[in-house]
Amino acid sequence: MSILTLFVVIPALMLLGLWLAKNLNQVRGVMVAGASCLLALSVWLTIYFVQQRAAGNTDVMLLTYSTPWFKPLNIAYSVGVDGISVVMLLLSSIIVFTGTFASWQLKPLTKEYFLWFTLLSTGVYGFFICTDMFTMFMFYEVALIPMYLLIGVWGSGNKEYAAMKLTLMLMGGSALLIIGILGIYYFSGATTMNVNEIAAMHNIPVATQKVFFPFIFIGFGVLGALFPFHTWSPDGHASAPTAVSMLHAGVLMKLGGYGCFRVAMYLLPDAANELAWIFLILTTISVVYGAFSACVQTDLKYINAYSSVSHCGLVLFALLMMTKTSCTGAILQMLSHGLMTALFFALIGMIYGRTHTRDIRYLDGLMKIMPFLAVGYVVAGLANLGLPGFSGFIAEMSIFVGSFENPDTFHRVATIIACTSIVVTAVYILRVVGKILYGEVKNPHYLELTDATWDERVAVICLIACVAGLGMFPLWASNVISDAVGPILANII
């Protein structure tokens, strides 16, 4: 049995512990213990992976294990990790850990909330460790279903509408996925659903690839906020409770980009090359549309939600450019955006919990009232607009430099258009920071508000350290990701 199974076993034990917990302190204890174990496991896995590469181990997947699960359809419980999986597991564990502290004061039904939150994270971990298509899809569904209750019960605003809209649209994407997965399995003549083994066969007819590539890419792209299937995202983000927004934007949306690259493009390379231009147009629209939409919003969560549409659009955009630099930048962007958008949503939730508004027209002078949270928001904003020294800079530069490596006019024009999002992002970030943090305090009730509590500081400091650490020391992540991107890209082009 692979040690990777612990990423599923530990959350399962957390679910049992939460079910048996008798009071709030026990619930919190189970969550902190479980999240800490998962974080320690992912850090160990990252160090182990880096050491294996340094020692000259060139195996594409490490810690692999497979056992039959449903023999009639050749479904197996198959696990393994490459550099992309490793950084995604690290990202997931960081968000789950910090999200636990961001939800420290959540009431009512705290126990039930953490049960669904843990089930959601179980699906995320399982998705990233699995190499069997059907098992990946199963964990994908496990990650999606809890969102309905987490938003519908513990959310705010028009939460029932947002929860239903999110669920229906993502289930629609899942329907496309299962068609695509079964199509790949039956028409490839494979005796396995293992992604790496099917990719090695190279025997899916081009005509068949063209039929099923849109099913897989759009199916995953719905979760990756692909235009025009992104409309669930802003409403879902705006209505979700703080930690769910963190996990949703920070990790769950990354399942979309990961699936598009690992399944759609890897297994259907000929169709990816022939149809990429269509989806490049859609992702370019996502990048620019998301940035401009964020400019006209007045709700802090909607601003960050549309910003996520833009940044996640960059991920799919870079993957479709199909150069090693751009694809490495895409995975770096997944890691970077996950950290900084989690920081944003954590801070927005903390500010909303005190002021009871997210409308920037009624927020002002927060730097004088809650300096810790205000400084954290400034750091998140600078990271989001790509300031050198933070994670966003190295990710976006890798994307744009790699995309411009394509010599043809179409790809270069698309790259230039996507680059305009950098300027637009700076506009809405600086506008919001200036409006809500500086100036005089106009609402006298704000003078009675307090700054961050110890549990909130833990979450914010951890995320800031990760955003700054990745920005100043990006080489280890870039090398790990690049080593994993190479074999996949070689199969595509």
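Biologist: How far apart are N and O where the side chains of aspartate 359 and arginine 361 meet in a salt bridge?

Modeller: A salt bridge is a side-chain nitrogen of Lys or Arg within 4 Å of a carboxyl oxygen of Asp or Glu. The side chains of aspartate 359 and arginine 361 form such a pair, and the N to O distance is 2.6 Å.

Biologist: How should I read such values?

Modeller: This is a predicted model, in which local features need pLDDT of at least 70 and side-chain atom pairs count only at pLDDT 80 or more, while totals for chains, interfaces and linings use all residues. Residues are numbered from 1 along each chain as its sequence is written, and side-chain values use heavy atoms, with hydrogens and water left out.

Biologist: Is arginine 361 buried or exposed?

Modeller: Buried means under 20% relative accessible area and exposed over 50%, with partly exposed in between (1.4 Å probe, protein chains only). Aspartate 359 counts as buried because its relative accessibility is 14%. Arginine 361 has a relative accessible area of 51%, so this residue is exposed.

Biologist: Which residue forms a salt bridge with arginine 354?

Modeller: The partner lies 102 residues away, in helix α20 (residues 454-472), whereas arginine 354 is in helix α15; helices here are DSSP runs of H or I with at least four residues, numbered from the N terminus. With the closest N and O atoms 2.7 Å apart, the partner is glutamate 456.

Biologist: Which word describes how α3 and α21 lie to each other?

Modeller: The axes, which are lines fitted to C-alpha atoms over the stretch in contact, with angles from 0 to 180 degrees between N-to-C directions, come within 7 Å and cross at roughly 135 degrees. Angles under 35 degrees count as roughly parallel, over 145 as roughly antiparallel, 65 to 115 as roughly perpendicular and the rest as oblique. The relation of α3 and α21 is therefore oblique.

Biologist: Which residues is threonine 100 in contact with, leaving aside its neighbours within four places in sequence?

Modeller: Threonine 100 belongs to helix α3, and its relative accessible area of 1% is why this residue is buried. The C-alpha atom of threonine 100 is separated by 7.1 Å from that of alanine 243, which is 143 residues apart along the chain. Taking contact as heavy atoms within 4.5 Å, threonine 100 is in contact with Met31, Val32, Ala35 and Phe114.

Methods
Helices (H or I, at least four residues) and strands (E, at least two) are DSSP runs, numbered from the N terminus.
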